[in-house]
Amino acid sequence: MLRAQSLKTKIVEILHSGSGENERPLLRKNNESNIPGLFIIGDLAGAPVIKYAMAQGHEVIEHISSLNDAVVNDKDVFDVLIIGAGASGLNAALQAKERGMRYVVLEKNQIANTIENFPEGKWVYAEPDSQPPKGKLWLDGASKEDLIQNWRRIIKDNKLDVRVQEGVEGLEKAGGVFKVRTAKAEYRARRVVLATGQRGNPRKLGIPGEEREQVYHRLYSPRKYKNENILVVGGGNSAIEAAVTLSQQNKVYLSYRKGEFSRIFKDNDAQLQAQIKAGQIEPILNSEITSFGEKEATVAVADGRSQKKRKLAIDHAFVLIGADVPRAFLKSLGIRMENEWQGSLLRSTLLTLAGFVGLSVFGAKLGGSPNLLGWDLAFMPDWLGMAMAIVSLAGLVATGARGDRFAWLGLSFFIWYTIYGVKVGNGEEFWPFTGWGYKLLSFLDRPWSFWYTVIYTGLMTGFGLQALKRWGLERKDRFQIWRFVSLVSFQWIFFFLIPEYLFQAAVQYQWVGEKLASDPTFAEQAWRSYGIIYAWPLFFYTFFYNPHQIWIVWGLLLTFVVIPVFVLFNGKRYCSWICGCGGLAETFGDRWRHLAPKGKAAVKLEWMSLIVLIFAAVATVLVLIKDIYGALYSTADLSIYIYRICADVWLVGILPVTLYPFLGGKIWCRYWCPLAKLMGLQSKLFSKLKWSRFKIVANDKCIGCYECSRNCQVGIDVMSYALKQEVLDNATSSCIGCGICVTACPMDTLSFGSQNTMQ
Amino acid sequence: MSRAIKGAFLLLLVMLVGASGQAQDRNEGYKTVAPRAGERCLVCRAPLNETDLVLLVRGRRVPLKRAMVDSFMRDPDAFFSELQPKGALFHESPGAEGSEVSVETSSSWLTFGIYAVSALLFAGLSGYRAVSRGLPAVSHFFIGLLLHLPGYLYVLTRPAAAGQNRIPAGLGKVPETRPPVPCHGCGSENHPAARECSGCGKQLEPVYASDVSRLT
Ligand SMILES: Cc1cc2nc3c(=O)[nH]c(=O)nc-3n(C[C@H](O)[C@H](O)[C@H](O)COP(=O)(O)OP(=O)(O)OC[C@H]3O[C@@H](n4cnc5c(N)ncnc54)[C@H](O)[C@@H]3O)c2cc1C
Ligand code: SF4
Ligand code: SF4
Ligand SMILES: [Zn+2]
Ligand SMILES: [Zn+2]
């Protein structure tokens, strides 16, 4: 039982790895949370900049005011209660007033607390320029002080009801009315808009002594401290800025748990290095504070494998290790997060299995032999099998709808295992479809493989248009318009029209010349036209089963000349502009792109595709020489068989597509595709030799909003490059050049190609 | 607009279901050719000699010992399956029944496919144009998608929107804002890429390259 429990923990850890610390609340249409009537907007809902936060505030009220019971004359109950007086909350309040709703804004600290906490004189950008601000709150590029002054004036002019120093502590819904509790009062409202941002929840170390008076979790008036010993804990920008400022009049220890400062602004880094050189800051890397005492702190410093304890004499300590999504607060309100793995893994496994067993029994009717792991099930009537399958699937859907994420995983597996398990071939289908699945799914006299291509192309077209709208049209990004047009067109032309039709037409009407058209080796093998685009080793069949010379020549040219040249100029853009596997991920998988596994561990696992590449290479060699060395015959056959089942069915089909809604669309491309690995290795080499034309650069405007990293489907921490204005290329990452980070960045920080500042 | 997407999707589905060309059986008489050195029988794996034969099945060589020809012919698909690519990505289509689609009978599929690709192309062109000229991108994209060339021609005739939404030629996005820089002479605020003050005309040291110049 314990083993099973820890196995489940492991599985959940993997499934959850895409979200990590940056998980957002689960949101439905119009930013409604899982609690009907409770809306979440602004920073908390993922709006990375003021302009987007404002837009959400405006839109959510427009939506609410369009509902039937938006405005009810009830003195005891507010039409809408807004929590948080930041950009989004204030704009929502202005709009609610405009629409004649009864509203109130509750603010924990002061108006626009987040922006008040920006460093003095900070320039606040009004990005992105492509969109005008929405609503009545003012926004333009301005200093922090000017911005806030403007906002205060607007609040006064509009007589907005904002109650400061009134943090919300709890909330319940009963009989369609929310009861909202603060330290001072209780409010009743029919709808609640939560606009509390993410910055108000400083992360804690959770160690003894942390609650002592001299330990702070925010930096207030740094100039007040003089000739003290001060400990700063943390390695982000706020910690570095604090350390640098404090070190001008004090001696500062800077403790950080990692070995380097990887996510800090270039400027901050320079100042930090200067202060270290001047002896004002002593960095203590790879260290963890273990406790705070009266006038000291204990720190454990990693030293190889062991740890050394060290006591620091200090007057004050600042723990500045970032802010958490206020998960506990959200939970206490009953709000669900977007990637929350709750439910029963066991139940959903059993239901899925029962569904397949049911189908196996049902298959007897169509010529299958019903069994479970060889155990004969022929004694069961086929209607019972069908009933079992239907009940199991209904069970998955029902538990899924009630919030069991494992149930959706089971259902997803059920669907894609069926699709790919049957596609293996007539008579070769996986259990439970063996002997009947292929025929059953070959509708209208067309083989299942044909319908599969139709479904694939249909999914790519439908969802491709949606993704194109999301990234290209709505964000006015021409690069993305072309990218999605390219992906979908390549699918239609090269993976559907040519292999299914145009190849035959070319033969029939002799567009390829009479000689080729009448050579059966060429003419009767339309499937080889997949090899026009799919290169070795993704499609090593180009070289197998006595191909026409034309295919051999093209295959060699494609793999060893065309692709390397393409890589030289475009990096791995094959994956994001051309390839069908990548294409499905970018289109059908687009809505789940933020779930891609992230972090160092996830990146490390990318070695797996090297194994696939080596295996593919070995199999290729074996097959090509088996006619010369007869002894290798069965080894060659076996290697192809293994590759077919493991790589071409499980790794490229069943597993990754099942995982689309849970780990994003790029599991195959990133972890297993041998062609991606081959291109990655080439691009890495070209980058190291400085031949490569491919890179992403950043200017100095990054605000650390995480949008770029969140949306990278291959899990690259783009933000850590952007903050330091480092070049991102294939020497240090497996970037596929999709440009989504460039498009997603609300600050126009990133761009392909040349560095755009002149300093 | 998501309705438009749903509509397009529905259209696609209707066409996919409606258009169903008929598959044809292909005949069974296989051509025979002479064996090559090293080839082995597909049924029993024994090396061939001159007296054995190789069938040409769907463009591939099927080496067979004479004694095994009958076994092969009893269930050619089963043995031949070994010479077919199989996987999630590609397949021999339409492989199942060993049938071959003739081009004439399936022209509806082909026509639809070509229609879809050209729709995409004109939609892309229209969307691109709309974005460049500050026009509503989504609606113009769908005009191109549904009306093809005429739609695109229509989009081409639209005048550009007034104001700052336009993107200068060659630039990927609208230009970015940066904090203005005050002039040392007169104090008026200037664009950080400016080379001279807009207030007094004094020479300025540009802090950034402008977005337009970074293209070149
Ligand atoms: C260093 C930095 C630089 C940035 N620079 C820029 C920039 O230049 N341009 C730009 O556009 N954006 C910038 N941003 C992002 C910008 O700050 C946010 O996008 C924006 O503030 C989000 O607004 P909001 O209304 O969602 O949340 P916030 O502005 O965070 O407001 C939330 C409010 O809710 C209050 N609150 C919290 N909990 C409670 C509770 N329980 N009860 C009642 N009230 C509560 C808080 O006190 C706060 O006032 C920057 C962010 C950072 C951290
Ligand atoms: S780093 Fe950017 S361009 Fe590269 S793969 Fe990630 S999102 Fe795409
Ligand atoms: S580079 Fe990334 S983290 Fe920085 S502002 Fe842009 S999207 Fe946000
Ligand atoms: Zn034989
Ligand atoms: Zn001047």
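These entries record what I looked up in a predicted model.

**Helix packing.** I examined helix α13 (residues 448-473) and helix α14 (residues 478-508) of chain A, which pack at an angle of about 170 degrees with their axes 8 Å apart. An angle over 145 degrees counts as roughly antiparallel, so α13(A) is roughly antiparallel to α14(A). I noted that the residues of this contact divide into 17 nonpolar, 7 polar and 1 charged.

**Ligand 3.** I found 14 residues around ligand 3, the closest being Cys702(A), Cys705(A), Tyr706(A), Cys708(A) and Cys745(A). By class, the shell has 11 nonpolar, 2 polar and 1 charged residues. Helices α25 (707-711) and α26 (718-724) of chain A each supply at least two residues of it.

**Aromatic pairs.** My search of the whole structure gave 59 aromatic pairs over all chains. The ring centres of Tyr225(A) and Phe318(A) are 5.5 Å apart and the planes stand at 85 degrees, so I recorded this pair as edge-to-face. Tyr225(A) lies in the loop between β10 (215-216) and β11 (229-233), and Phe318(A) in strand β17 (residues 316-319), so the pair ties together parts 93 residues apart in sequence. Both Tyr225(A) and Phe318(A) are buried.

I then turned to Phe615(A) and Tyr643(A), a stacked pair with 6.2 Å centre to centre and 20 degrees between the planes. Phe615(A) is partly exposed, at a relative accessible area of 33%, whereas Tyr643(A) counts as buried at 3%. Both belong to one aromatic cluster, which also includes Phe495(A) and Trp527(A).

**Charges over rings.** I located the charged end of Arg446(A) over the ring of Phe450(A), 4.4 Å from its centre. The charged end of Arg483(A) sits over the ring of Phe484(A), 4.7 Å from its centre.

Note on methods: Residues are numbered from 1 along each chain as its sequence is written. Chains are lettered from A and ligands numbered from 1 in the order in which they are written. This is a predicted model: local features need pLDDT of at least 70, side-chain atom pairs count only at pLDDT 80 or more; totals for chains, interfaces and linings use all residues. Side-chain values use heavy atoms; hydrogens and water are left out. Axes are lines fitted to C-alpha atoms, for helices over the stretch in contact, and angles run from 0 to 180 degrees between N-to-C directions. Helices (H or I, at least four residues) and strands (E, at least two) are DSSP runs, numbered from the N terminus. Angles under 35 degrees count as roughly parallel, over 145 as roughly antiparallel, 65 to 115 as roughly perpendicular and the rest as oblique. Ala, Val, Leu, Ile, Met, Phe, Trp, Tyr, Cys and Pro count as nonpolar, Asp, Glu, Lys and Arg as charged, and the others, Gly among them, as polar. A residue is near a molecule or strand if one of its heavy atoms lies within 4 Å of it. Rings of Phe, Tyr and Trp (its six-membered ring) pair if their centres lie within 6.5 Å; planes under 30 degrees apart count as stacked, over 60 as edge-to-face and the rest as tilted. Buried means under 20% relative accessible area, exposed over 50%, partly exposed in between (1.4 Å probe, protein chains only). A charge sits over a ring if NZ of Lys or CZ of Arg is within 6 Å of the ring centre and within 35 degrees of the ring normal.
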